Amino acid sequence: MHRPRRLRRSAALRNLVRETRLNTHDFILPLFVSEKIDKRRPVPSMPEVFQLPVKEIADEARRAQDIGLQAILLFGIPEKKDQRASGAYAEDGIVQKALRAIKSKCPDLVAITDVCLCDYMSHGHCGVTRIDGDHFHVLNDETVELLVTTALSHAAAGADMVAPSDMMDGRIGAIREALDANGFGQTGIMSYAAKFASVFYGPFREAAESPPQFGDRRTYQMDCANADEALREVALDIKEGADIVMVKPALPYIDILWRVSERFGKPTAVYHVSGEYAMLKAAVEKGIVDERAGVLEIMTALKRAGADIIITYWARELAQWLRE
Ligand SMILES: [Zn+2]
């Protein structure tokens, strides 16, 4: 008779044989900085998540660092949007200003920037669009050119790592080459390598003010039904020079996370997205789930499934809970 329950008999025994342990250093905190506000503004569908003005962003980053976090992922909301996403790569763009403020106050904090055009495009798509009659196209190579320009301007403003989230083909290679050619050989790339078209991004679009004005993102983000294709996407990004590969969203794609981590053995990140956050928060508000226990279980599951890095809106709370 085998008695596995012997090792579950007490908290100390369970601790002794626990396979997966969370650490504050596992987490990246997403931050939203907006040019349109002068005091912090709550995101209605995401309790305890705020858009911050530039003047508050460095203090917020410092607070994150003070509680033990060591990396942030920065998203910008510009004052004006246009058809060329010019705010994305402007020298005095919102992310560029925020980066300089953050790096002057917290030089050791790992500042990662989201590189995409959707927040800066008047139509809200992640790339340059062309409309033929009632069809629209997101033009791949024209978009990659602007993404490269954006990544270079983030690197120049102090980004430690850029995180292209657009899902255009060939952008990792193009960005890597441009960074190297311009003296940013040490600026890393965390690629949104397997990013699926998902209903769970809804609240984020409210936070980043980036919903597409027409059509959807299914011609560039991945079909949720495809796992082998996700592995091909990840392989391409690694070949093109990605330092860290990401799977997004998290829980509904935990099989992809596992396969990516097993197959490639690269530093693997997962983005626990806004809709996943909002769902659990709603359950907590209704008294259905205990927040702390629920979040710890989810994060442990993601790490167990192969995540080396977890991007989560609960990063601050996790830092606190893990210290207690
Ligand atoms: Zn985008």
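A salt bridge is here a side-chain nitrogen of Lys or Arg within 4 Å of a carboxyl oxygen of Asp or Glu. The structure is a predicted model, in which local features need pLDDT of at least 70 and side-chain atom pairs count only at pLDDT 80 or more, while totals for chains, interfaces and linings use all residues. Residues are numbered from 1 along each chain as its sequence is written, and side-chain values use heavy atoms, with hydrogens and water left out.

Under the salt-bridge rule, the count comes to 18. One of these joins the side chains of R40 and E56, with an N to O distance of 3.1 Å. Helices (H or I, at least four residues) and strands (E, at least two) are DSSP runs, numbered from the N terminus. With regard to accessibility, a residue is called buried under 20% relative accessible area, exposed over 50%, and partly exposed in between (1.4 Å probe, protein chains only). R40 counts as partly exposed because its relative accessibility is 29%.

A second salt bridge is formed by K281 and E48, whose closest N and O atoms are 3.1 Å apart. This pair links distant parts of the chain, since K281 lies in helix α10 and E48 in the loop between β2 and β3 (50–53), 233 residues apart. K281 has a relative accessibility of 3% and therefore counts as buried.

A further salt bridge connects the side chains of R176 and D243, at 3.9 Å from N to O. Here too, distant parts of the chain are linked: R176 is in helix α6 (residues 171–181) and D243 in the loop between α8 (228–240) and β10 (244–248), 67 residues apart. R176 is buried, with a relative accessible area of 13%, and D243 is partly exposed, with a value of 32%. Salt bridges that share partners also join R40, E56, E60, R63 and R316 into one network.

The surface was examined for patches, which are made of residues with over 30% relative accessible area and no salt bridge; like charges are joined within 9 Å, and nonpolar side chains (Val, Leu, Ile, Met, Phe, Trp, Tyr) within 5 Å. Accessible areas come from the Shrake-Rupley method with a 1.4 Å probe, and for residues only the protein chains shown count as cover. Lys and Arg count as positive and Asp and Glu as negative, while His and the chain ends are not counted. The place of a charge is taken as NZ of Lys, CZ of Arg, CG of Asp or CD of Glu.

R3, R5, R6 and R8 form a positive surface patch. Of this group, R5 lies in the segment before α1 (11–17); R5 counts as exposed because its relative accessibility is 69%. A nonpolar surface patch of about 290 Å² is made by L7, L16 and V17. L16 is placed in helix α1 and is exposed, with a relative accessible area of 67%. Another exposed residue is E285, at 63% relative accessibility, which is situated in helix α10. The C-alpha atoms of E285 and E229 are separated by 37 Å, the two residues being 56 residues apart along the chain.

H272 counts as buried because its relative accessibility is 1%. Contact means heavy atoms within 4.5 Å. Apart from its neighbours within four places in sequence, H272 is in contact with A250, Y277, I298, M299, L302, I311, T312, Y313 and W314.

Several backbone features were also identified. A cis peptide bond, with omega of about -10°, joins K248 and P249, and P249 is found in the loop between β10 and α9 (254–264). A85 is a residue other than glycine with a positive phi, near 55°. A85 lies in the loop between β4 (71–77) and α3 (86–89) and is buried, with a relative accessible area of 0%. M167, which is not a glycine, has a positive phi of about 70°. The position of M167 is in the loop between β8 (161–164) and α6, and M167 counts as buried because its relative accessibility is 4%.
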